[in-house]
Amino acid sequence: MKLQVAMDVLTTEAALTLAGQVAEYVDIIELGTPLIKAAGLSAVTAVKEAHPDKIVFADMKTMDAGELEADIAFTAGADLVTVLGTADDSTIAGAVKAAKAHNKGIVVDLIGVADKVTRAKEARALGAKFVEMHAGLDEQAKPGFDLSGLLRAGAEARVPFSVAGGVKVATIGDVQQAGAEVAVAGGAIYGATDPAQAAKELRSAII
């Protein structure tokens, strides 16, 4: 299982600093949506140039103009780009077309999708490299939130998937057991006093 760091910092400089601290322990470096909105896609270019050996993930959360937005992100250096699962099939298909042209990949983010299992299968059929079983920060903040629903959906869908939504050392084993190809850790890494140590501990917890 791969480890992905979600960088929800807000400047290119902060992203480069964090990426430099944790790159040794992660496989995928994600530039979060707030970072891309605040710093622009030049941040993607900067991170890819600094870490050419890593998979760079642009969390665009595209909802429309799939081919155009994906093309822009791939041209900037992204290896993976997200399209929302709530988008029209044609939007996902357009993004996949751009991915094929660049020999890159589309990840369909299922945040806000009620029937994640069905949509995961549809997204895969449309050409997504994998789907992301994702609970956003606002959802995670609700009382009683846990990862179990995402893990069940991933296991049931039987397509390649990642899990994002409060992944930490205590839960990453459950993510792997559910069959995820990628565990996405955000706050557990960037919110830690020592991000490098936090990433190392998460890496060590993967069997």
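User: What does contact mean here, and which residues does Val131 touch, not counting residues up to four places away in sequence?

Analyst: Contact means heavy atoms within 4.5 Å. This is a predicted model, where local features need pLDDT of at least 70, side-chain atom pairs count only at pLDDT 80 or more, and totals for chains, interfaces and linings use all residues. Residues are numbered from 1 along each chain as its sequence is written, and side-chain values use heavy atoms, with hydrogens and water left out. Leaving aside residues up to four places away in sequence, Val131 touches Val107, Val108, Leu110, Ala120, Ala123, Val159, Pro160, Phe161 and Ser162.

User: How do I read a nonpolar core, and which members of the largest one touch the most other members?

Analyst: A nonpolar core is a set of buried Ala, Val, Leu, Ile, Met, Phe, Trp, Tyr and Cys residues joined through side-chain atoms within 4.5 Å. Buried means under 20% relative accessible area, exposed over 50%, and partly exposed in between (1.4 Å probe, protein chains only). In the largest core, of 63 residues, those touching the most other members are Met7, Leu31, Ile106, Val131, Met133 and Val163. A second, separate core has nine residues, including Val107, Ala164, Val182 and Val184.

User: Is Lys121 buried, exposed or partly exposed, and what does Lys121 touch, not counting residues up to four places away in sequence?

Analyst: Happy to take that one! Lys121 has 44% relative accessibility, so it counts as partly exposed. Beyond residues up to four places away in sequence, Lys121 touches Glu156, Ala157 and Val159. The C-alpha atoms of Lys121 and Pro160 are separated by 9.6 Å, with the two residues 39 apart along the chain.
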